[in-house]
Amino acid sequence: MDPTPGTPRWNLDRPFLTGRFHQEIKAPAQAAGSRLFSMESFSRGSDNVIGSYPVSVQELLVIDDLLSALVGIEGRYISIKRVRGKAGHVIFHIDPSMDLALQELTERIFPLCQNYVLINHFVESKSHFRSGLVNHAFAAALRALLLDYQAMVAQLEHQFLLGRLSVQGLWFFCQPMMGSLHALSIVVEKASSNNFSGATTLNLLQSQAKAMAGDNAVRSLLEKMTQRASSAYLAILERWVYEGVIDDPYGEFFIAENKSLQKESLTQDYDTKYWVQRYSLKDGIPSFLVSVAGIILTTGKYLNVMRECGHNVQVPLSENSKLTSIESNHHYLECIKSAYDFASGELLNLIKHKYDLIGKLRSMKRYFLLDQGDYLVHFMDISRDELAKRPEEISVEKLQSLLDLALRSTAAASDPCHEELTCCVERVSLLKRLSTLKDLDSTEPSEGNRPADSDPQSELLSITGLETFCLSYKVQWPLSLIIPRKALTKYQLIFRLLFHCKHVNRQLCMAWQVHQGFRAINILGTAILRSSILCRSMIKFVNSLLHYLTFEVLEPNWHLMHDRLQTVKSVDEVIQFHDFFLQKCLKECLLLLPQVFKKIEKLKSVCLQYAASIQLLVPSMYMPEVASTNDGAGSFGLGRSKPWRSKNKNQQLKLAAENTIICDSIMKFEKEFNDELQSLVPILSSSSQAEPYLTHLAQCILGLGSEQ
């Protein structure tokens with residue numbers, strides 16, 4: 001339902017009350033194809049044609065009719081015909097029997113009469129509610145001009161009654177108004193035919209004023225009309241840039257508000273466009289505001305954020321800062337820029353100081369980027385059994401309690417933000433999760449090019465909580481503008497990569513501990529020695545990868561962002577630098593390079609399989625007594641080697657040399673690991689030419705490969 005108030009019906013049923021004196025009466029005898037139809041003449045009881053009178057009398061009669069025609073009223077010998085299909089367009093006709101000289105002078109004045117009727121019709125039609133505030137203001141300015149025009153006609157009538165007015169004099173006195181009403185009639189006709197309103201009306205007035213640059217009087221009049229018409233628009237603009245409120249009952253403002261988007265969507269919806277689409281630019285921006293449209297939009301958005309925070313702030317106003325007109329000195333532009341500077345600085349101070357933006361980002365770095373990972377070591381120790389389950393079998397509540405215990409038991413307890421940290425368990429692997437996020441600028445192959453080893457069913461059977469565990473963080477408004485759901489997801493992707501690398505490293509270290517149990521004997525020439533060398537190579541690979549991720553990528557990029565945030569001047573710059581930091585980290589952490597990342601994942605998978613095999617095979621093959629008394633293979637260490645030392649060393653070494661099962665297993669892992677490692681080297685070498693950040697990682701891998 002249209003919320004616009006309606007115009008009273010009598011305003012349409014009784015046109016004589018509004019100046020629309022010409023009732024449309026169709027002449028039945030008129031041809032069907034004619035564009036014009038006659039109006040019933042407003043005769044004063046004379047049946048004589050004007051040509052029957054002397055020329056001096058004809059002049060008096062025509063002046064009397066012209067004074068009526070100048071205000072849109074028919075006379076005895078001047079009739080009005082309305083153009084069919086064009087509202088407000090009329091044509092004046094004179095009795096053809098009039099003297100030709102008088103007739104020619106009279107017809108020169110008719111365009112002024114026609115322009116008056118057209119402008120008067122525009123004033124009446126555009127004064128309706130649905131026409132909008134700009135058209136209301138423009139119509140009011142035209143009405144004031146028509147009052148001056150009618151005053152001129154009254155003065156001419158007075159001169160006529162005194163016997164001092166001729167047709168030539170009437171023509172002379174109408175000259176000042178001829179050009180003005182003609183220029184305005186052009187504007188009115190275009191505005192009516194195209195149904196212009198708001199900014200389009202203002203742009204039309206400005207363009208017409210520029211077109212009349214050669215006529216100073218008409219140009220000044222059009223500029224004055226533009227000022228009057230823009231006053232209502234500037235009132236809307238002033239409220240937006242000074243209070244952050246859109247007071248636009250007729251939808252004329254060039255900023256649209258999408259009320260369906262709420263700030264809560266920032267933390268719930270990955271694809272939310274709140275900051276971009278809650279307030280956005282529409283088509284039809286006034287030409288005098290095109291250069292600062294973005295600044296105007298941002299200023300009001302900043303004020304709205306502060307209002308949503310309960311921090312009601314208003315730009316300080318003075319007489320010089322009010323947007324009352326669009327002067328040629330562009331003072332209004334300075335006022336807008338001042339309002340932007342104030343709103344930007346106020347919101348930035350609010351977010352940086354009251355809501356501790358840097359502290360929150362540092363907390364995100366501590367937990368998600370493992371800046372201080374002591375809590376994670378403790379958590380991985382106490383949650384090992386739970387994380388070893390399949391994702392659907394894991395109790396998230398139990399993990400949350402274990403995470404809280406780890407946070408309270410480590411240095412993280414001193415962080416006031418640690419209570420905002422929660423845990424969650426994803427249902428898919430990291431590689432699968434990356435393939436679902438299509439907006440990360442990844443070169444992920446399509447479904448048709450998916451490798452054969454990425455079978456979804458086999459993946460579901462193989463993954464555990466160690467591959468799918470993730471952290472989450474409760475971000476409150478207005479920091480959710482900086483860290484929305486999309487940014488938090490990027491933090492989680494990086495955390496999952498680091499967490500899994502830590503897990504692989506821990507498993508390899510536990511396998512290394514198994515090998516340390518054989519230090520008391522001579523293992524030269526046995527499979528244990530070969531396994532020990534392979535384990536050391538795998539640990540070096542994982543440590544090199546972790547070193548690259550943390551010290552080559554995350555740490556320098558975070559400090560670069562931190563330094564930039566010290567000099568930002570707006571929240572938009574904060575969002576830009578933070579998004580750039582996350583995108584750069586994702587790319588340099590190999591998460592956006594599927595070909596390289598799949599190789600890394602394959603290498604980690606080989607390492608995990610090897611570590612699991614060593615922790616199961618070696619104790620069972622060489623130390624059955626220890627394997628039966630220990631609760632897990634990973635608990636074997638130096639302190640458990642007494643049963644082994646009590647055995648006959650020569651006999652055990654002989655068994656080790658003859659044990660083909662473990663030897664074959666180690667050789668298989670060694671070959672697979674070296675093959676995958678060597679296949680990664682050319683990929684990194686070629687990619688490092690286009691992606692220089694891979695150079696350091698390639699050097700680490702090359703150094704590792706050269707030792708094999």
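Select Tyr-332 to begin: Tyr-332 is buried, at a relative accessible area of 5% (buried means under 20% relative accessible area, with a 1.4 Å probe and protein chains only). The model is predicted, so local features need pLDDT of at least 70 and side-chain atom pairs pLDDT 80 or more, while totals for chains, interfaces and linings use all residues. Residues are numbered from 1 along each chain as its sequence is written, and side-chain values use heavy atoms, with hydrogens and water left out.

The structure holds 21 aromatic pairs (Phe, Tyr or Trp rings, the six-membered ring for Trp, with centres within 6.5 Å; planes under 30 degrees apart are stacked, over 60 edge-to-face, the rest tilted). Phe-288 and Tyr-332 form an edge-to-face pair, 5.9 Å centre to centre with 80° between the planes. Phe-288 lies in the loop between β5 (279–281) and α10, and Tyr-332 in helix α11 (residues 331–354), so this pair ties together parts 44 residues apart in sequence (helices, H or I of at least four residues, and strands, E of at least two, are DSSP runs numbered from the N terminus).

Next, select Phe-469 and Phe-499, whose ring centres are 5.1 Å apart and whose planes are at 45°, so the pair is tilted. Phe-469 belongs to strand β7 and Phe-499 to helix α19 (residues 485–516), 30 residues apart. Both Phe-469 and Phe-499 are buried.

From Phe-469, show β7 (residues 469–473) beside strand β6 (residues 421–425): the two pair in the antiparallel sense over five bridges (strands pair if DSSP finds at least two bridges between them). Thr-422 has Ser-472 in β7 as its bridge partner. Four of the five residues of β6 are buried.

Turn now to Trp-275 and Lys-301. The charged end of Lys-301 sits over the ring of Trp-275, 4.3 Å from its centre (NZ of Lys or CZ of Arg within 6 Å of the ring centre and within 35 degrees of the ring normal). Trp-275 and Lys-301 are among the residues lining the largest cavity, as are Tyr-274 and Trp-477 (on a 1 Å grid over the protein atoms alone, a cavity is a set of points where a 1.4 Å probe fits but cannot get out; lining residues have an atom within 4 Å of a point). Helix α10 supplies the largest share of this lining, four residues.

How values were computed. Buried < 20%, exposed > 50% of the residue type's maximum accessible area, 1.4 Å probe, protein only. 1 Å grid on protein atoms, 1.4 Å probe; cavity = no way out; pocket = protein on both sides within 12 Å on 5 of 7 lines; lining within 4 Å.
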